[in-house]
Amino acid sequence: MKLLAVTVLLLTIGSLEGAVVRRQAEETGLRGLFSRYLQSVADYSKELVEKAKGWELPTQAHTFVEKTQEQLTPLVQTAGNDLLRFLNFFVVFDKAPATPPTGQP
């Protein structure tokens, strides 16, 4: 009877140790996955910084500004002309009289 109790006790302890080891292995796998993810994010950010330091980004920005200015210049001129025509409807510029009015009632 004692032998049976000791055998059951040893089997129970062995299976519990196996469960603990499996659990630690799963946590290590999760930690490894997370650390690989963080490493890839860090590598990607380093690459972005290197690209920003290079001539590529400022050149692209300059080209974008030039294209935008070329497209907006005619629009701004047209809008300005339209605004002046619109305001001319409300403001009438008459010629000033040749002689100033006198103060006679």
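Here are a few worked exercises on a predicted model.

Ground rules first: residues are numbered from 1 along each chain as its sequence is written, and side-chain values use heavy atoms, with hydrogens and water left out. Local features need pLDDT of at least 70 and side-chain atom pairs count only at pLDDT 80 or more, while totals for chains, interfaces and linings use all residues.

**Exercise 1. Work out what the secondary structure of the chain comes to, and what share of its residues is buried.**

Step 1: take DSSP runs, with helices as H or I of at least four residues and strands as E of at least two, numbered from the N terminus. That leaves two helices and zero strands.

Step 2: call a residue buried under 20% relative accessible area, exposed over 50% and partly exposed in between (1.4 Å probe, protein chains only). Of the 105 residues, 0% count as buried.

Step 3: You get about 10,400 Å², 67% of it belonging to carbon and sulfur atoms.

**Exercise 2. Compare the span of α2 with the expected one, then find where its kink lies.**

Step 1: the expected span is 1.5 Å times one less than the number of residues. For the 35 residues of α2 that is 51 Å, and the helix reaches 51 Å from first C-alpha to last.

Step 2: get the bend at a residue from the angle between axes fitted to the seven residues ending there and the seven starting there. A kink of about 30° turns up at Leu72, shortly before Pro74.

**Exercise 3. Classify the aromatic pair.**

Step 1: rings of Phe, Tyr and Trp (its six-membered ring) pair if their centres lie within 6.5 Å; planes under 30 degrees apart are stacked, over 60 edge-to-face, the rest tilted. One pair qualifies. Phe86 and Phe90 have centres 5.0 Å apart and planes at 75°, so they're edge-to-face.

Step 2: these two are four residues apart in α2. Phe86 is partly exposed at 46%, and Phe90 is exposed at 59%.

Technical notes
Areas by Shrake-Rupley, 256 points an atom, 1.4 Å probe, with all protein chains shown as cover.
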